[in-house]
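Trainee: Hi! I'm new to this one, could you walk me through it?

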Amino acid sequence: MQEKTDTPLPSPVQAAGSGKSTLSRRAMVAMCAFTLFLILGVCTVSALLYTKVKVDDCTDTAYAYAHAVASFIDSDRITGYLETRQADEYYDSINKYLSSLLNASRLDYLYVLVPSKEGLTYIWDPQRNPSAKATPIGLMIPYPKGHGYDDVLSIVGQQWEGLLFSTDEDAGRLVSAAVPIMGRNGELVAVAFATVTVDSIGRELLGFLGGIALAITILVTILTFILYRHIRKRIIAPLGILSRGTQRMVYSIGKGERLELGIHTGDEIEDLAHSFEGMHRELNDYLKALATATAEKQRIATELSVATSIQVSMLPKPGPEFASRTDFRIHAAMSPAKEVGGDFYDAFLIDPSHLCMVVADVSGKGVPAALFMVISKTIIKLRAQLGGTLSTAQILGTANQQLIESNDAGMFVTAWVAIVDLGSGAGQASNAGHEHPVICRRGGNFELVEYQHSP
């Protein structure tokens, strides 16, 4: 994967941030933890299985030899040896046979004992080494710690065979297979014991687990490295490119640059990269359109400001025309809802003795209303200044006809027009759909003057 960018992207260290754990490091730690957990799990299961197999193998061997001994010995002679405690030719032949079995097997001990309530009495105790001193016939020893005569009877009486677990200070932990030697009348005469040291299994287990752990460690390490390389290539590296690309996107928005991350993983990460590239293009287009719209809005605002000044300048202000007059005073004000609008007023002399006043409102707001206001104001004023004996109603009627001729937009204007004779104070007024005017009488009282509206 290659990054196709015009400007260098931030480094991985910058993308990760100071003091932050990178995704790559977290993945490596997780895989190492998984490897350790897997090794411990496999070793534990292997140890349990190995121990069970070994113990089963040892106990099966012990049972086999104990059965061989029990089936070979003449039970009638055991009672005589117990009474006389003297060996004979038969005793020596059995002892030699038992020694050969002991030497040919993995057994640690092989002996024949007579159980009683007081303890266990030796009959045969063969040795691996012929020169070794055997236990004398008739020697009684106590039962192993935690066991007694009832345990022997329970094992022999219920199952005709069984296992006894014990611990010896010199040999360690022992497991003994016990097989009864029965008399002719079915009574228990003696028990053949074949004993195996369990501690030897533990020593073998350590060597076995060492080999298993080494093999698993090598195998899992290789697999973990391959998996990490794959994850880094398919996930971590593309996400790093995506992270640095988004940082670059922040600095390049609005500059017209094209963001191409170059991620081709064929999965959701590639879709995410394409989404970021598309978002970057859309943001650039949006900012470009926004800049254009802002410039256009600024231009329109400037033009509206000029239009506002022009519209305000068209309204009458105290000037030379009224400066010399002492028989009346005029004051007016207007605050449009927008920069420009359709409200307007006017005051002008038709002749030295007649003053015309206009208050009007065009439908709508903004530039269209302002344009229609200029036309309406101009037509009304021009018609009124023609002079003659025209009434205010005739002035509005003539203006109405002229506005209809060029009013394709269907706009309208309401107007109130009054003409005052400055000499006599008499006047006339017409109202074309506008609000009723208010007159302030001498003394400060205000009065609403209602006129019949005309078209």
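Trainee: How do strand β8 and strand β9 pair, parallel or antiparallel?
Mentor: Strand β8 (residues 354-362) pairs with strand β9 (residues 413-421) in the antiparallel sense, over 9 bridges. Keep in mind that this is a predicted model.

Trainee: Which residue stands opposite H354?
Mentor: That's D421, in β9.

Trainee: And what holds strands together in general?
Mentor: Strands of a sheet pair through backbone hydrogen bonds, and the pairing can be parallel or antiparallel.

Trainee: What is the order of the strands in the open sheet?
Mentor: The order is β7-β8-β9-β10, so you're looking at 4 strands with antiparallel pairing. At the edges stand β7 (343-351) and β10 (427-432). Each has a single partner strand, so one side of each has no neighbour in the sheet. From one strand to the next, the twist averages 10 degrees.

Trainee: Which strands does α9 lie across?
Mentor: Helix α9 lies across β7, β8 and β9, and runs at about 15 degrees to β7. Helix α10 (residues 392-405) packs on the sheet too, where it touches β9 and β10. The direction of α10 makes about 145 degrees with that of β9.

Trainee: Let's zoom in on K377. Where is it?
Mentor: K377 sits in helix α9, which covers residues 366-384.

Trainee: Is K377 buried or exposed?
Mentor: It counts as buried, because its relative accessible area is 8% and the cut-off for buried is under 20%.

Trainee: What is K377 in contact with?
Mentor: Setting aside neighbours within four places in sequence, K377 is in contact with M314, F344, Y345 and D346. With D346 there is also a salt bridge between the side chains, at 3.3 Å, N to O. That pair links distant parts of the chain, since K377 is in helix α9 and D346 is in strand β7, 31 residues apart. Both partners are buried.

Trainee: How many salt bridges does the count come to?
Mentor: The count comes to 5. Another one joins the side chains of R77 and D88, at 3.9 Å, N to O. Here R77 is in helix α3 and D88 is in the loop between α3 and α4, 11 residues apart. R77 is partly exposed, with 36% relative accessibility, and D88 is partly exposed as well, at 30%. One more salt bridge is between D327 and R325, at 2.9 Å, N to O.

Trainee: Changing topic: how many disulfides does the structure hold?
Mentor: The number is 0. If you want to look at cysteines anyway, C356 is buried with a relative accessible area of 0%, whereas C440 is partly exposed at 43%.

Trainee: Which residues touch the most other members in the largest nonpolar core?
Mentor: Those are I78, I123 and W124, in a core of 31 residues. Among the elements that give two or more residues to this core are α2 (23-72), α3 (75-84), β1 (109-115) and β2 (120-124).

Trainee: What does W124 touch?
Mentor: Not counting residues up to four places away in sequence, its contacts include I73, I78, Y81, Y90 and L98. There is also a second, separate core of 24 residues, which includes F344, I380, M411 and V417.

Methods:
Residues numbered from 1 in each chain as written. Predicted model: local features only at pLDDT ≥ 70, side-chain atom pairs only at ≥ 80, totals over all residues. Heavy atoms only, no water. Buried < 20%, exposed > 50% of the residue type's maximum accessible area, 1.4 Å probe, protein only. Contact = heavy atoms within 4.5 Å. Disulfide = S-S within 2.5 Å. Pairing = 2+ DSSP bridges. Axes fitted to C-alpha atoms, helices over the stretch in contact; angles between N-to-C directions. Core = buried A, V, L, I, M, F, W, Y, C linked by side-chain atoms within 4.5 Å. Salt bridge = Lys/Arg side-chain N within 4 Å of Asp/Glu carboxyl O.
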